[in-house]
Structures are given as structure tokens and as C-alpha cells.
Amino acid sequence: MSQLIALARCGSCARSALAPVAAHQRTGSLLVAGGAAASRRLCGVRWLSRHGVRKFGLGDAFCTGLLVGGAVLIGVTAAGVGLTRQRAVMAAERWHGGVERDQQARDEILRKCKHFMSDPVTDINQLLENKEDMRTKMELLILDVQADVCKALAEVDGGQTFKVDRWHRKEGGGGISCVLQDGKVFEKAGVNVSVVFGNLSEEAAKQMRSRGKSLKSKDGQLPFCAMGVSSVIHPKNPHIPTIHFNYRYFEIEEADAEQLFKFVRSCAKAVVPCYIPIVQKHLHDTYTAEEKAWQQLRRGRYVEFNLVYDRGTKFGLATPGSRIESILMSLPLTARWEYMHNPAKGTREAEIMEILRNPKDWVH
């Protein structure tokens, strides 16, 4: 493969992505020489690779280049202004170093794509073009976390597969839902990724303002971008804890979010190494019918929390074009509701209820 071209392949997507070359002047050409290759002046921009002479449009610049043992040296001159050989080599080294770093960043994105459960929501060419953008970094992170969690859960469950469901939002964006149901270990496990953008609904904006958020609309519109990974895991064994986590990015105005991104990444990457050992520890624990019934009752309370209080669920339901199937993925397959249920005194169930009603400071 030439140093100036990369094949962008992610899942079923395959496109060519050309590494960018800075160019600002008019009428471009490139002089290529090296080894036994004859020097020649070629119209447009060309280079030599193991497959012969290649060409792509450089734009508007006058360039001279030397191919020596696979290293490309490029000297760029403005119209009518010549560079000395030393300055040309220095300029070439700076340019070539930039191209290598750029190509390494692109290769890293393409390598990550092979690990994902599905193609990214955003077009791969757009991600490559905006590889330093916070939105790109966040989308790649949540897709990576989704794949890590799904593959770890599938392995624990004895090779059970996730149903991968892509969906599109006509107002802007879409998502990828991955759900495992009726497994050996997990009754239901869902790991969702969503990347949506557009204008915030008045209901969603009202909810955010009620929590003290200062939102400035533009011409009556409130543009936003929201993306995140959301997971709820319901194990069959009541001794294995149910887990619900969300890592989200919400953008209304431009902001420096680099430090926040690093924090989110460190937390999101801790899910698998923290949760999977707990699952494995209690994988074969025996349990009674009473303990299973208690698990079902607590699931009923979780449904209440999810539909009535959870801000992420409420925001999703209030967003135009939201996908109800993916939002309600978090609900368990089975649950139980009993009116005014109170566990017997002295039981472990009564103990946990006391802790929930009167939280303790476990750290200090």
C-alpha cells in the first residue's frame, strides 16, 4: 500500500480515504525520481509505489519530490520563489512526519472499527475527516465500550449471541441496539449506543431548565448533539447483581471537554474488569424460591424508577423521533409487583430495605 492512500474498511463499509496534502498555490506537478526509475515531470500529482505510478489531485501547488528507498521527500515552492535544497529537505521532513502521524491516526480508527458490533452511526469518511473532534472521539469510545461489554457477557454466557439492531432517526442520527435474551446466565442484557442531533424539543428543554440549566436558543431553535452508551444487565441468579450504567455526551454549546472525556473514558473502560469477576464469583451460587421472588420484586421497583424518575429515559421519550424499542430495552423480561410488600423482620431482605431507606456512608 502506498504511503499516501489508505483503504477505509469498517464492517461492510469499504471506501478509499486519501491522506490530505497541504496545497495553496496554482498549477501543481510532482517530479518523482529514485532507483532505476526515470525522472519525469507528471501532470497533476503522482507518486511511485510498489504497484507503479499512482495519481490523485493535490490541488494548487508546485511540488518537487524525491523517492529514496521508500521515503518520500517533498519540497513545496510558492510561485516564483525557490527553496534551497536544505530548506526543501527540512520542509519535506516536517510534511512527511505530519502525513505519517495523520495516517497512523486514521489506521487506528479503522482498526477500532473492526472490533465494533456494527458500523459506526456516523459515516466513516466523516469520522476520518474529523478525527480530532470531540464528537468523533466520543462516538468511537461508546462503540468500543459496547463491543467490550457485549463480547465479555457473551463469553461468560457460554457463547450466547447478541441480536444487533441498527436504527435510523430521520431528524438526525441513529443508534445500535445489542440485546441478549434467555441466556444461560443472563435473562436479558442490553447494550445500546445512540448518536442523535437536531433541535431540542421544548419539553426536553423545559426539563433541563427545571434543573437549573441555562440554555440559550438561536432564532427560537436549540441545536444539540447527544450520544452515549447505555446498558442494563439482568442476570438469572439473584446473587449476581443487576447493573445499569450510562456514559453520555451532550453538547449544546462549544466547550473544552477534553478533561471530562478522559474521566468518562476511564470510568467506561472499568465496567468489564469490575463487573465480570463478580459475575464469575457467583455464577454457580444456589438460591431459594424466596430469594428469586425478592429479585422479581426489586425488578418491579427498577421498572418504576426507569419509567418515572430516570432522566435519560425521560429525555429519550421527549426527543422527537425517539425509538421506543431501544429506550425500553432496559426493562427485564420478568418482574413482580405486590401491593405494600414488607419483608419479615430479621431477614436479609429487611436489612437491605433499611439501608436503602437510610443510606450509609460506606467510604468514611
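Modeller: One convention before the helix packing: an angle under 35 degrees between N-to-C directions counts as roughly parallel. Also, this is a predicted model.

Biologist: Fine. At what angle do helix 3 and helix 5 pack?
Modeller: About 5°, with the axes 11 Å apart. The angle is under 35 degrees, so helix 3 and helix 5 are roughly parallel to each other.

Biologist: Which residues meet there?
Modeller: From helix 3, Met 134, Lys 137, Met 138, Leu 141 and Val 145. From helix 5, which spans residues 258-268, the partners are Glu 258, Phe 261, Val 264, Arg 265 and Ala 268.

Biologist: And how do the residues of that contact divide?
Modeller: Into 7 nonpolar, no polar and 3 charged.

Biologist: What about helix 3 and helix 6, how do their axes cross?
Modeller: At roughly 15°, and the axes come within 10 Å. That makes helix 3 roughly parallel to helix 6. The crossing is right-handed.

Biologist: Which residues make the contact?
Modeller: On helix 3, Asp 148, Val 149, Ala 152, Leu 153 and Val 156. On helix 6, Val 271, Val 272, Tyr 275, Ile 276, Val 279 and Gln 280. The residues of this contact divide into 9 nonpolar, 1 polar and 1 charged.

Biologist: Stay with Val 279. Is it buried or exposed?
Modeller: Buried, because its relative accessibility is 0%.

Biologist: What does Val 279 touch?
Modeller: Leaving out residues up to four places away in sequence, Val 279 touches Val 156, Val 185, Phe 186 and Ile 240. Val 156 belongs to the helix 3 side of the contact with helix 6. Separately, the C-alpha atoms of Val 279 and Pro 241 are separated by 7.7 Å, and these two residues are 38 apart along the chain.

Biologist: Different spot. Where is Asn 306, and is it buried or exposed?
Modeller: Asn 306 is in helix 7, residues 289-308. Asn 306 counts as buried because its relative accessibility is 1%, and the cut-off for buried is under 20%.

Biologist: What are its contacts?
Modeller: His 244, Thr 313, Ser 330 and Leu 331, again not counting residues up to four places away in sequence.

Biologist: And Leu 110, where does that sit?
Modeller: In helix 1, residues 85-115. Leu 110 has 9% relative accessibility, so Leu 110 counts as buried. Its C-alpha is 8.7 Å from that of Leu 128, 18 residues apart in sequence.

Biologist: Now backbone. What is phi at Asp 182?
Modeller: About 55°, which is positive although Asp 182 is not a glycine. Most residues other than glycine have a negative phi. Asp 182 lies in the loop between strand 10 and strand 11, and counts as exposed because its relative accessibility is 55%.

Biologist: What about Met 340, what is its phi?
Modeller: Near 55°, also a positive value in a residue other than glycine. Met 340 is in the loop between helix 9 and helix 10. At 62% relative accessibility, Met 340 counts as exposed.

Biologist: Last topic, the whole chain. How many helices and strands?
Modeller: There are 10 helices and 13 strands. The chain has 364 residues, of which 41% count as buried.

Biologist: What about surface and contact range?
Modeller: The accessible surface comes to about 21300 Å², with 53% of that belonging to carbon and sulfur atoms. Among contacts between residues at least 6 apart in sequence, 65% join residues at least 24 apart.

Notes: Residues are numbered from 1 along each chain as its sequence is written. This is a predicted model: local features need pLDDT of at least 70, side-chain atom pairs count only at pLDDT 80 or more; totals for chains, interfaces and linings use all residues. Side-chain values use heavy atoms; hydrogens and water are left out. Axes are lines fitted to C-alpha atoms, for helices over the stretch in contact, and angles run from 0 to 180 degrees between N-to-C directions. Helices (H or I, at least four residues) and strands (E, at least two) are DSSP runs, numbered from the N terminus. Angles under 35 degrees count as roughly parallel, over 145 as roughly antiparallel, 65 to 115 as roughly perpendicular and the rest as oblique. A crossing is left-handed if the near helix is turned anticlockwise from the far one by less than a right angle, and right-handed if clockwise. Contact means heavy atoms within 4.5 Å. Ala, Val, Leu, Ile, Met, Phe, Trp, Tyr, Cys and Pro count as nonpolar, Asp, Glu, Lys and Arg as charged, and the others, Gly among them, as polar. Buried means under 20% relative accessible area, exposed over 50%, partly exposed in between (1.4 Å probe, protein chains only). Accessible areas come from the Shrake-Rupley method with a 1.4 Å probe; for residues, only the protein chains shown count as cover.
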